[in-house]
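My notes follow in the order in which I looked things up.

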Amino acid sequence: MSKLTALIAVFAGMVLVACESGPDSGAAKAPPVRTTTTLANPAQLGVNLDARAYQDRLRARNLDPAVVVRGRELFAANCARCHGAFGEGTPDWRKRLADGTFPPPPLNGTAHTWHHPDQLLLRIMRDGGQSYGPTYQGAMPPMGKMVNAAERQAILQYLKSLWPDEAWRTQKDITRENPEAE
Ligand code: HEC
């Protein structure tokens, strides 16, 4: 552990202790404590970075930490059962199953989610695999009734926080070149 990492860990611990043991720490303070906890431990978000590096990444990508945390919760509740706890997908996601469909792919930047513009990703979340085209036969279900537009945006922000730099940069360009509406 570098000196800096150790310092951040100590600092994060102090913030937590301060929040939890303050004289008026009650139910009303729960959300800030939770946000601090989560961002102080990027592993809880499925991110292999220390707290400082992760916060730098969010800032550089213009991602709102509170929205990312919310997206993480929505992902865990609605998507993780198929796409894995942190969007790691199924190891054999390239191999068709016996019924001819593909298993859920990783969404964490190791597959090809970042080849698609925001608009298509949001549409896939809302309408399911039909978004690829009318002849689609796969198993990605429409999730529009489970997660509303703001929630789909939050999930997308969370997914973007997982992607490696190169994937994130490329997807940003693809989105700019394909500006059609969701
Ligand atoms: C019942 C299982 C299931 C659930 C629940 C599910 N998915 Fe999927 N998803 C799939 C499968 C299977 C595919 C692959 C579709 C294909 O290739 O035919 C997929 C594909 C996708 C893709 C396209 C990935 C790519 O690289 O093209 C995105 C984005 C996606 N899912 C996001 C989500 C999100 C976000 C949620 C939660 C709101 C979610 N999915 C919930 C099964 C699921």
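I call a residue buried if 20 or more other C-beta atoms lie within 10 Å of its own, exposed if 12 or fewer, and partly exposed in between, with C-beta atoms placed from the backbone. A nonpolar core is a set of buried Ala, Val, Leu, Ile, Met, Phe, Trp, Tyr and Cys residues joined through C-beta atoms within 7 Å.

**Ground rules.** This is a predicted model, so I note that local features need pLDDT of at least 70, side-chain atom pairs count only at pLDDT 80 or more, and totals for chains, interfaces and linings use all residues. Residues are numbered from 1 along each chain as its sequence is written.

**Overview.** I counted eight helices and zero strands. Helices (H or I, at least four residues) and strands (E, at least two) are DSSP runs, numbered from the N terminus. Of the 182 residues, 24% count as buried. I also looked at contacts, meaning pairs whose C-beta atoms, placed from the backbone, lie within 7 Å. Among contacts between residues at least 6 apart in sequence, 55% join residues at least 24 apart.

**Core.** The largest nonpolar core has 23 residues. Leu-74, Phe-75, Met-125, Ile-155, Leu-156, Tyr-158 and Leu-159 have the most contacts inside it. Two or more residues each come from α3 (51-60), α4, α6 and α7. Which helix gives the most to this core? I found that α7 does, with six residues.

**α4 against α7.** I took axes as lines fitted to C-alpha atoms, for helices over the stretch in contact, with angles running from 0 to 180 degrees between N-to-C directions. The axes of α4 (residues 65-78) and α7 (residues 149-162) come within 7 Å and cross at roughly 100°. That makes α4 roughly perpendicular to α7. My angle classes are under 35 degrees for roughly parallel, over 145 for roughly antiparallel, 65 to 115 for roughly perpendicular and oblique for the rest.

On the α4 side I listed Val-67, Val-68, Arg-70, Gly-71, Arg-72, Leu-74 and Phe-75. They meet Glu-151, Ala-154, Ile-155, Gln-157, Tyr-158 and Ser-161 in α7. By class, this contact has seven nonpolar, three polar and three charged residues. Ala, Val, Leu, Ile, Met, Phe, Trp, Tyr, Cys and Pro count as nonpolar, Asp, Glu, Lys and Arg as charged, and the others, Gly among them, as polar.

Leaving out residues up to four places away in sequence, Tyr-158 touches Val-68, Gly-71, Arg-72 and Phe-75. Val-69 sits in α4 and counts as buried, with 22 C-beta neighbours inside 10 Å. From Val-69 to Gln-157 is 9.2 Å, C-alpha to C-alpha, across 88 residues of sequence.

**α6.** Leu-121, Leu-122, Arg-123 and Met-125 are buried here. Their cover includes α7. Gly-128 follows α6 with a positive phi, near 80°.

**A loop proline.** Is Pro-105 buried or exposed? Pro-105 is buried, with 20 other C-beta atoms within 10 Å. I located Pro-105 in the loop between α5 and α6. Pro-105 touches Gly-89, Trp-93 and Ala-111, not counting residues up to four places away in sequence.

Conventions:
Contact = placed C-beta atoms within 7 Å.
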